[in-house]
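The entries below record what I found.

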Amino acid sequence: LLVSKDLGKHLLEVEDLLQKHGLLEADISAQTERVQALNAAALKFSELEGYQPCDPQIICNRVNHVQTCLEELEELAAKRRKELEDSRQLWTFFQEMEEAEAWIREKEKILAAKTCGRDLSSVMTLTNKHKTMLGELGNRRALLHQTMKKGEKILAKKSFSSVGIQEKMREVCLRWKKLEEVTGLHQQRLEDALNFFQFSAETDDLVAWLQDMYRIVSSDDFGHDDYSSQALLRKHRAVVEEVEKHRAAVLSLRKQLALLAPDHRQGVDVQIRVVEVEQLYGEVAEVAVLRTQWLQDALAVYRMFSEVHACEVWVDEKEQWLEKMEVPEELDEVEVVQHRFESLDQEMNSVMGRILDVNQVVQQLVDGGHPSSDEVRSCQDHLNSRWNRVVELVENKKSQLSSVLKIQNFLLEC
């Protein structure tokens with residue numbers, strides 16, 4: 001049993017042989033105690049004095065022979081255990097290598113069947129799964145490294161043929177290297193897909209935002225008075241600032257596109273999308289400038305109407321006063337009225353400046369093609385007509401006062 005060359009053909013068989021060998025070792029251990037007891041009893045016969053039933057030398061030789069046989073048996077048992085344990089190490093190595101190969105084949109099939117997703121959500125899910133697989137790959141790498149060390153120790157002992165061990169190690173190393181290459185390529189594809197779909201999502205968000213901005217800046221609400229127009233203009237300026245802030249994002253689209261993988265950046269759809277975003281942004285910016293001008297024009301119109309109303313109130317007041325005023329015949333009263341006209345001249349100079357400003361604003365609105373040009377022009381003409389009427393009344397009253405003064409001065413001289 002101890003000189004058997006059967007070391008097992010697989011790990012389970014070796015484990016079975018080791019269990020049987022353990023029983024054999026236990027049996028030898030039990031017999032060792034028996035042999036030692038028998039030898040001790042036999043040696044007593046070699047020490048007897050007087051009558052000796054057997055030659056003491058024969059007894060000693062027999063005891064030594066039995067002891068030597070027992071020691072040889074124990075040596076054979078120890079050698080057999082070592083051989084079986086070495087065999088167990090060998091078949092453990094091959095089983096771990098087969099498990100590593102099976103794990104590699106499984107991951108190769110998974111990687112071969114994996115896609116890179118169809119949208120941002122699916123790509124992120126696949127990326128998270130791939131990260132989990134990378135963790136498994138790291139753990140398996142450490143186990144494989146330990147198995148390789150076991151193989152090197154087996155080779156160092158030179159207990160078995162090195163051909164099969166070296167071949168298995170080389171084969172598994174090659175497959176592992178290929179798996180890492182495939183894993184790296186798949187990771188790169190996932191990163192490329194993630195960058196592409198993130199770019200697409202950001203582009204879609206930018207398009208949606210620009211469409212909202214276009215609806216806002218193309219509004220035909222310019223307010224109904226000075227206050228509402230000012231409020232709309234303030235809001236619009238905030239919108240213009242936001243549009244300007246997004247200019248950098250639009251301009252960077254081509255740079256981001258250039259950083260995508262060739263398969264993604266060379267697609268016709270994505271290139272058209274970038275052009276559409278640039279064109280849409282240009283339209284938004286252009287309409288925003290126009291709306292700024294329209295709001296400023298509307299504000300100018302409402303302010304002009306307000307100024308016209310103020311001037312017409314003054315004109316109404318002075319027109320009624322002039323029409324009701326009668327030129328006095330007494331010198332003292334004439335001088336009082338004359339002082340009033342001097343004050344009136346100062347007021348008229350001030351109002352004249354305001355009317356000139358109104359005329360200038362009207363001209364700018366008309367030249368700019370404002371949609372309310374006709375209404376503005378009509379308002380201007382009405383104000384100018386009223387003003388001319390007041391000027392005419394003032395000149396008439398001044399002429400009458402001048403005549404009265406001349407008569408009064410002539411009478412005084414007489």
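**Entry 1: the largest pocket.** I noted that the model is predicted. I looked up the largest pocket and found about 280 Å³ of space in it. Its lining comprises 14 residues, and Q296, A300, V361, Q364 and L365 lie nearest the centre. I then sorted the lining by class and recorded six nonpolar, four polar and four charged residues.

**Entry 2: where the largest pocket lies.** I asked which helices supply at least two residues each to this lining. They are helix 9 (268–324) and helix 10 (331–367). Helix 9 gives the most, with eight residues. I also checked the domains: because domain 2 (196–298) and domain 3 (300–413) both give residues to the lining, the largest pocket lies between them.

**Entry 3: the second largest pocket.** I recorded about 210 Å³ of space in the second largest pocket. I counted 13 lining residues, of which F222, A298, H370, P371 and S372 lie nearest its centre. The lining divides into seven nonpolar, five polar and one charged residue. Domain 2 (196–298) and domain 3 (300–413) each contribute at least three residues to the lining of this pocket.

**Entry 4: K150 and E96.** I turned to the salt bridges, of which the structure holds 22. I looked up the one between K150 and E96, where the closest N and O atoms are 2.9 Å apart. K150 lies in helix 3 (residues 120–157) and E96 in helix 2 (residues 56–113), so the pair ties together parts that are 54 residues apart in sequence.

**Entry 5: E180 and R141.** I next examined the salt bridge of E180 with R141, whose closest N and O atoms are 2.8 Å apart. This pair links distant parts of the chain, with E180 in helix 4 (residues 162–217) and R141 in helix 3, 39 residues apart. E180 counts as partly exposed at 30% relative accessibility, and R141 counts as partly exposed at 38%.

**Entry 6: R386 and E319.** I found that the side chains of R386 and E319 meet in a salt bridge at 3.0 Å, N to O. The pair links distant parts of the chain: R386 belongs to helix 11 (residues 373–413) and E319 to helix 9, 67 residues apart. I noted both R386 and E319 as buried. I also recorded that a network of salt bridges links D316, E319, R386 and R389.

Note on methods:
Residues are numbered from 1 along each chain as its sequence is written. This is a predicted model: local features need pLDDT of at least 70, side-chain atom pairs count only at pLDDT 80 or more; totals for chains, interfaces and linings use all residues. Side-chain values use heavy atoms; hydrogens and water are left out. On a 1 Å grid over the protein atoms alone, a cavity is a set of points where a 1.4 Å probe fits but cannot get out, and a pocket is an open set with protein on both sides within 12 Å along at least five of seven lines; lining residues have an atom within 4 Å of a point. Grid points are joined across faces, edges and corners, and a volume is the space filled by probe spheres set on the points. Helices (H or I, at least four residues) and strands (E, at least two) are DSSP runs, numbered from the N terminus. Ala, Val, Leu, Ile, Met, Phe, Trp, Tyr, Cys and Pro count as nonpolar, Asp, Glu, Lys and Arg as charged, and the others, Gly among them, as polar. Domain bounds come from an automatic or database domain assignment. A salt bridge is a side-chain nitrogen of Lys or Arg within 4 Å of a carboxyl oxygen of Asp or Glu. Buried means under 20% relative accessible area, exposed over 50%, partly exposed in between (1.4 Å probe, protein chains only).
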